[in-house]
Amino acid sequence: MNHKKYALTVFSLTMITVGSVDSIRNLPATALFGSQLIAFFILGAIFFLIPAALVSAELASGWATQGGIYIWVKEAFGKKVGFFAIWLQWIENVIWYPTILSFVAGTIGYLFNPALADNPWFLWGVIVSLFWAATFINLRGMSASASFSNICTISGLLLPMGLIIGLGAAWIADGNPIAIKLDLASVIPNLTDRSMWVSLTAIMLSFCGIEIATVHANDVHNPQQAFPRALIYSVCIILSTLILGSLAIAIVLPATDINLVAGIMQAFAAFFARYHLSILMPVVALMLVLGGFGGVSNWIIAPTKGLLVAAADGHLSANFRTVNRHGAPVVLLLGQAIIVTILSTLFLFMPSVNGSYWLLTALAAQLYMLMYLLMFLAAIKLRIVAPDRPRAFQIPGGFLGICIVAFIGIIGVVTTLIVSLMPPSGINVGNISRYETTLIGGFILMCLPPFIVRNVQNPVSAITNDY
């Protein structure tokens with residue numbers, strides 16, 4: 001009889017999944033598209049969120065070792081492609097950091113002076129300062145990191161998300177004017193409208209990260225039943241909070257007035273002004289700042305450790321494999337901070353803060369979608385080359401089942417890669433040709449390092465510890 005004690009319940013697995021994907025930061029970007037965002041969120045769940053969750057759960061339960069996407073793609077297509085996949089996950093997160101920290105900076109600025117949320121120099125200074133602070137925290141280690149993470153999730157995500165949804169419901173119930181139409185004709189998307197398809201970029205990026213949570217598939221009892229249940233609960237929570245939260249902003253703020261950096265604070269300010277609760281603005285700002293900073297602090301080390309596994313497999317020189325006495329990869333973390341500092345200068349050179357934010361969002365989405373493409377293909381390949389590999393969770397339907405799920409996900413990925421090249425009509429991105437050239441050039445530049453770097457040393461099995 002198996003008396004193994006499992007670390008996670010279905011509830012715990014659901015909370016981990018929701019915490020890995022759900023984010024209040026994405027709400028202003030998706031609120032831009034009004035009532036039609038409902039249909040696009042549902043399409044995004046069908047063609048990406050659910051397939052990504054199912055596929056990554058199977059891969060994580062079959063290859064439950066540190067390294068995640070690197071191990072999965074390596075087993076399917078070899079070390080070089082595996083390194084490319086983990087590089088995409090790492091560099092995507094590096095590009096994501098300025099967007100989440102610009103949200104934190106905009107929240108801080110809006111509290112003192114709303115004009116600061118549109119001041120690129122202020123945003124750049126706060127982004128860089130906060131990221132270097134988070135880097136040094138991770139270099140020294142945090143003994144109370146789990147408690148800190150829980151506090152940030154509850155105070156910085158669940159409470160403000162629930163509050164803004166509640167305020168939106170109260171706004172409608174009280175008969176206040178709303179900035180969008182909620183009739184059936186308005187909710188059904190116009191699929192011929194190019195600007196509507198652009199919304200998929202922000203929506204799909206808001207669904208990314210679910211592969212991080214599925215590494216826990218082996219820690220739950222009877223994963224073949226538990227994970228689908230947790231997935232259903234998670235998708236319902238993620239969809240409902242993202243849709244209702246986005247709509248709460250859309251009903252109170254016209255699309256032309258939404259600031260992608262400070263949109264949450266704009267919405268809270270409008271709600272609080274109506275209900276004479278403006279005294280709560282500093283409290284909300286503190287919660288959002290804590291949640292945003294906590295999210296960066298939690299994520300700053302995870303993809304880097306995945307890259308460290310690849311480095312230890314011989315892809316990078318010994319310098320990149322160096323860790324300090326806390327187990328933190330020093331060179332990788334410092335290099336990451338330098339890249340974030342450089343990327344954040346986009347806020348200084350783009351014609352608008354919204355334009356800078358969207359460019360980074362589109363670039364991050366492209367890189368992450370390419371990684372997911374490799375993941376879907378790896379899942380199919382591994383069913384062919386390792387059909388007898390024990391998998392605690394396996395997509396039903398045999399080989400045909402995983403092909404159907406993976407191909408549905410591939411459709412969503414390819415569609416997002418295409419529409420992410422299109423600039424949104426309501427955001428000032430400057431000259432369209434320059435914007436598209438910058439985006440394509442940035443994508444190529446970010447993809448090149450794995451092909452340029454060639455480690456001349458033999459692969460090593462251990463990580464050196466020189467600190």
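## Contacts and the overall picture

Two residues are in contact when they have heavy atoms within 4.5 Å of each other. Take the contacts in this protein with a separation of 6 or more: 83% of them link residues 24 or more positions apart.

This is a predicted model, where local features need pLDDT of at least 70, side-chain atom pairs count only at pLDDT 80 or more, and totals for chains, interfaces and linings use all residues. Residues are numbered from 1 along each chain as its sequence is written, and side-chain values use heavy atoms, with hydrogens and water left out.

The protein has 20 helices and 0 strands; these are DSSP runs numbered from the N terminus (helices: H or I, at least four residues; strands: E, at least two). Of its 467 residues, 55% count as buried, meaning under 20% relative accessible area with a 1.4 Å probe, protein chains only.

## H17 meets H3

Helix H3 (residues 37-62) packs on helix H17 (residues 353-385) at about 50 degrees, with the axes 10 Å apart. Axes here are lines fitted to C-alpha atoms over the stretch in contact, and angles run from 0 to 180 degrees between N-to-C directions. That makes H3 oblique to H17 (under 35 degrees is roughly parallel, over 145 roughly antiparallel, 65 to 115 roughly perpendicular, and the rest oblique).

The residues that touch include Phe 48 and Val 55 of H3, and Tyr 372 and Phe 376 of H17. By class, this contact has 11 nonpolar, 1 polar and 2 charged residues. Here Ala, Val, Leu, Ile, Met, Phe, Trp, Tyr, Cys and Pro count as nonpolar, Asp, Glu, Lys and Arg as charged, and the others, Gly among them, as polar.

## H17 meets H19

H17 also packs with helix H19 (residues 432-447), at about 40 degrees and with axes 10 Å apart, so these two are oblique as well. The contact has 11 nonpolar, 3 polar and no charged residues.

One of the H17 residues taking part is Gln 366. With 4% relative accessibility, Gln 366 counts as buried. Beyond residues up to four places away in sequence, Gln 366 touches Leu 417, Ser 420, Leu 421, Leu 439 and Phe 443.

## The nonpolar core

A nonpolar core is a set of buried Ala, Val, Leu, Ile, Met, Phe, Trp, Tyr and Cys residues joined through side-chain atoms within 4.5 Å. The largest one has 155 residues, and Phe 48, Trp 358 and Tyr 372 are among those touching the most other members. H17 gives the most to this core, with 23 residues.

Definitions and conventions: Buried < 20%, exposed > 50% of the residue type's maximum accessible area, 1.4 Å probe, protein only.
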